[in-house]
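Work through the following exercises with the sequence and the model in view. Each task is followed by a solution in steps.

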Amino acid sequence: MTTQDVRYSRLDPELRKAHLIEATLTCLKRHGFQGASIRKICAEAGVSVGLINHHYASKDELVAEAYLAVTGRVMKLLSDAIDAAPPGPRARLSAFFQASFCAELLDPQLLDAWLAFWGAVKTAQSINQAHDHSYGEYRAILVKVLTELAAEEGWQGFDAELAAISLSALLDGLWLESGLNPQTFTPEQGVQICEAWVDGLEAGGVRRFLRPVGGC
């Protein structure tokens, strides 16, 4: 065990975990999923391969944990924005959109990490499971607010799950486009596009999300 390993092992377990995750994110941003080897992550963290192998069975497991750490930060930012919004589901949705296009979430390095995560989702079960968990949480936030909007508007038979999938796909597409070319639209225009989606829902588009009569 190296001197650096000894110092690392003396850290609080949560600090050790955070240190490895940050090193993993740095390597993912710099090299992508395929290029971010365990050795490169070790070099970034300043620890030996053996020490990482002591904590994680594989690179996939470490990347999956990094994925959950990042999505946890995103979920907290979005949830805090909704909690701080004025009363009413429309205002809560607006707060969600504003937070979705804040500088922290549009950070090019964060978007690079997202692209690395997305590219790895179908290559490893642990990363796929992390993705399913995080997107389940994300859609649950949207389902809750859209269900509140439907109750306020009196939309009987509204399929909030389907509407949440639609809205989350719109947001994902905008994030991806912003990551590929930040000059395509401004954060304000990103919010404007999402607000227009809700305007369309309220103007009659809701009928596309109504369950068939007699359906479940």
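**Exercise 1.** Determine how many helices and strands the protein chain has.

*Solution.* The protein chain holds ten helices and zero strands; helices (H or I, at least four residues) and strands (E, at least two) are DSSP runs, numbered from the N terminus. The model is a predicted one, in which local features need pLDDT of at least 70, side-chain atom pairs count only at pLDDT 80 or more, and totals for chains, interfaces and linings use all residues. Residues are numbered from 1 along each chain as its sequence is written, and side-chain values use heavy atoms, with hydrogens and water left out.

**Exercise 2.** State what share of the protein chain counts as buried.

*Solution.* Buried means under 20% relative accessible area (1.4 Å probe, protein chains only).

**Exercise 3.** Describe how helix α6 and helix α10 are arranged.

*Solution.* Step 1: the axes of α6 (residues 89-100) and α10 (residues 187-202) come within 9 Å and cross at roughly 155°; axes are lines fitted to C-alpha atoms, for helices over the stretch in contact, and angles run from 0 to 180 degrees between N-to-C directions.

Step 1: α6 is therefore roughly antiparallel to α10, a term for angles over 145 degrees.

Step 2: the contact (heavy atoms within 4.5 Å) involves R90, L93, S94, F97 and Q98 of α6, together with V191, C194, E195, V198, D199 and E202 of α10.

**Exercise 4.** Characterise residues 37-56.

*Solution.* UniProt, in an unreviewed entry, lists residues 37-56 as "DNA-binding region"; such annotations may be inferred rather than shown by experiment. In the model, this stretch is 75% helix and 0% strand, and its end C-alpha atoms are 13 Å apart.

Key
Angles under 35 degrees count as roughly parallel, over 145 as roughly antiparallel, 65 to 115 as roughly perpendicular and the rest as oblique. Buried means under 20% relative accessible area, exposed over 50%, partly exposed in between (1.4 Å probe, protein chains only).
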